[in-house]
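Have the model open beside you as you read.

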Amino acid sequence: MIKFRNLLQQSSNICKGIFFPVSTVRNASESAAPPTVLVEKDSHITLIGINREQQRNAIDANTAQQISKAIADFEADDTSPVGVLYGLGGSFSAGYDVVELEAEAERGSLDFLLRHEGSVGPTRRHLRKPIVCGISGFCVASGLELALLCDLRVMEDTAVLGFFNRRLGVPLSDGGTVRLAAAVGYSNAVDVVETGRRVYAREALRIGLVNRMVATGTALGQAVNLAFSIAKFPMSSLQHDRNAVLANANAYERPGFHAAVNNEIMNVSSAMITDMQEGVKRFKTSEVKGPKTDSWHIKEKSIPDWEKAEIAIEEQRKKR
């Protein structure tokens, strides 16, 4: 059995204020840098960890390839029926790497949107086996789209979800518009997508965006426990029923799903490239990196003195 103490310690620091990675200085020791995706097994459960702590687990092209490979290897492993996807260092993922995004925007390129399997992993297809996602810290932008790829999501009570890419003018491109609506319904989906606001754990659980809410620092362990609870069942019938749900649910019906995903990326326009360029510049020059996402809250109405006096008189009448 793998000891999770070190991993949980790494997951204890919740990221603050900045939700996309800043550019890092590259030096001669970069060749000795640790792998950006860690894969290990706890008995017959495969653990896949995103390991870019300094970038808040933002996903660049290389990391996306490694995630796709790790998931494909897991799917081909007959000894491992269930997997767990998580992020090291306090956050699940801050989304697509803004350094690469800036370079793409400056070139006027949409290549990162057009990768065959997806920009942050194999998000444009169905997983062949169940994967449980352990969410800590920030799970935002395309990081949330990656979490939606998983069958089940276990979210810490201090974690935050949201499509923060809204303020940068970056469209959803990893199946988010398809899977989100299937998970939470049309009304909740357009609220989350259009406002780009924060979604906290209690709301995420209530609307069906996540499946479990757990204490801070326990997402990985609880996700592994959930994976074990699934893996104990006979897998042939479980896979049959899981595939039937994917095939029969309206949004996940196979031809419809692929058509929807293609529609999501093929309608990206040149105007969006301009928005992305301006959004990245705003992000880099802003004094406060944190998103101003409280504007959707209903503000308390101020009551004039005369109305307060009327309310007091009315209250006195009720008591008589």
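## A buried lysine

Lys 129 is buried yet takes part in no salt bridge; Asp 78, the nearest side chain of opposite charge, is 5.2 Å away. Please keep in mind that this is a predicted model. You will find Lys 129 in the loop between α3 and β4.

Leaving out residues up to four places away in sequence, Lys 129 touches several residues, including Phe 74, Ser 80, Pro 81, Asp 151, Gln 239 and Arg 242.

## A buried aspartate

Asp 174 sits in the loop between β7 (160-162) and α5 (176-184). Asp 174 is also buried without a salt bridge, with Arg 124 as the nearest side chain of opposite charge at 4.5 Å. Its side chain does make a polar contact with the side chain of Thr 123, at 2.5 Å.

## Salt bridges

The structure holds 10 salt bridges. One of them pairs Arg 197 with Glu 203, with the closest N and O atoms 2.7 Å apart. Arg 197 is buried at 3% relative accessible area, and Glu 203 is buried at 18%.

In helix α2, Asp 73 and Lys 69 are 4 residues apart, so about one helical turn separates them; their side chains form a salt bridge of 2.8 Å, N to O. Asp 73 is partly exposed at 41% relative accessibility, while Lys 69 is exposed at 53%.

Arg 125 and Glu 117 form another salt bridge, at 3.0 Å between the closest N and O atoms. A network of salt bridges links Glu 75, Glu 117, Arg 125 and Arg 128.

## Helix α3 and the cores

In α3, Val 98, Leu 101, Glu 104 and Ala 105 are buried. Seen down the helix axis, these residues fall within an arc of 115 degrees, so they line one face of α3. At the start of this helix, a side-chain oxygen of Asp 97 comes within 2.8 Å of the backbone nitrogen of Val 99.

The largest nonpolar core has 44 residues, of which Phe 92, Ile 135, Leu 146, Leu 161, Leu 180 and Leu 209 touch the most other members. Elements giving two or more residues to this core include α2, α3, β4 and α5. Apart from it lies another core of 18 residues, among them Val 84, Tyr 86, Val 214 and Ile 230.

Conventions:
Residues are numbered from 1 along each chain as its sequence is written. This is a predicted model: local features need pLDDT of at least 70, side-chain atom pairs count only at pLDDT 80 or more; totals for chains, interfaces and linings use all residues. Side-chain values use heavy atoms; hydrogens and water are left out. Buried means under 20% relative accessible area, exposed over 50%, partly exposed in between (1.4 Å probe, protein chains only). Lys and Arg count as positive and Asp and Glu as negative; His and the chain ends are not counted. A salt bridge is a side-chain nitrogen of Lys or Arg within 4 Å of a carboxyl oxygen of Asp or Glu. A polar contact is a pair of N or O atoms within 3.5 Å; within protein, one must be able to donate a hydrogen and the other to accept it, and residues adjacent in sequence count only if both atoms are side-chain atoms. A nonpolar core is a set of buried Ala, Val, Leu, Ile, Met, Phe, Trp, Tyr and Cys residues joined through side-chain atoms within 4.5 Å. The arc is that of the directions from the helix axis to the C-beta atoms. Contact means heavy atoms within 4.5 Å.
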